[in-house]
Amino acid sequence: MNWAFLVLAGIFEMFGVVMINKLNKEQTKTAMALLIAGFGGSFLFLAIAMESLPMGTAYAVWTGIGASGGAILGMVLYGEPKNAKRLLFIAMVLGAAVGLKLWG
């Protein structure tokens with residue numbers, strides 16, 4: 001179950017990153033509240049997951065989900081470049097996270 005909390009923490013992290021972009025474009029109280037909620041949820045679920053998962057593994061997977069998810073959302077939502085090298089490195093980050101789950 002803690003792996004599910006870790007994935008949920010990563011999803012909240014991705015949401016928080018998108019809200020940073022939104023806050024940069026429109027500085028509203030709503031955007032700030034959503035940013036705080038996103039990162040707050042991320043840290044909450046990371047803390048829950050770390051009750052039974054090793055710190056190093058949990059942190060690496062959490063940052064991997066956040067970093068690769070943020071890059072993918074940037075491509076999908078904001079027209080950031082989608083080239084083969086970027087996709088390869090995103091796949092490598094995700095592969096490393098999967099490897100940590102399987103052998104960590």
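**Asn 2 and the chain around it**

Asn 2 touches Ile 48, Ala 49, Ser 52 and Leu 53, leaving aside residues up to four places away in sequence. Keep in mind that this is a predicted model.

Where does Asn 2 lie? It sits in helix H1, which covers residues 2–25.

Next point: is Asn 2 buried or exposed? Its relative accessibility is 17%. The cut-off for buried is under 20%, so Asn 2 counts as buried.

Now the whole chain. How many helices and strands does the chain have? Four helices, zero strands. Read from the N terminus, the order of elements is α-α-α-α.

On to dimensions. Along the principal axes, the C-alpha atoms fill a box of roughly 40 × 35 × 15 Å.

Burial next. The chain has 104 residues, and 34% of them count as buried. Asn 2 counts as buried too, as I said.

Then contacts. Take those between residues at least 6 apart in sequence: 64% of them join residues at least 24 apart.

What about the surface? The chain exposes about 6300 Å². Carbon and sulfur atoms supply 73% of that area.

Last, charge. There are 7 positive side chains and 4 negative ones. How far apart do the centres of the two sets lie? The answer is 9 Å.

To recap: a chain with four helices and zero strands, with Asn 2 in helix H1 touching, among others, Ile 48 and Leu 53. Over to you for discussion.

Terms used: Residues numbered from 1 in each chain as written. Predicted model: local features only at pLDDT ≥ 70, side-chain atom pairs only at ≥ 80, totals over all residues. Heavy atoms only, no water. Helix = DSSP H or I, 4+ residues; strand = E, 2+ residues; numbered from the N terminus. Buried < 20%, exposed > 50% of the residue type's maximum accessible area, 1.4 Å probe, protein only. Contact = heavy atoms within 4.5 Å. Areas by Shrake-Rupley, 256 points an atom, 1.4 Å probe, with all protein chains shown as cover. Lys, Arg positive; Asp, Glu negative; His and termini not counted. Charge placed at Lys NZ, Arg CZ, Asp CG, Glu CD.
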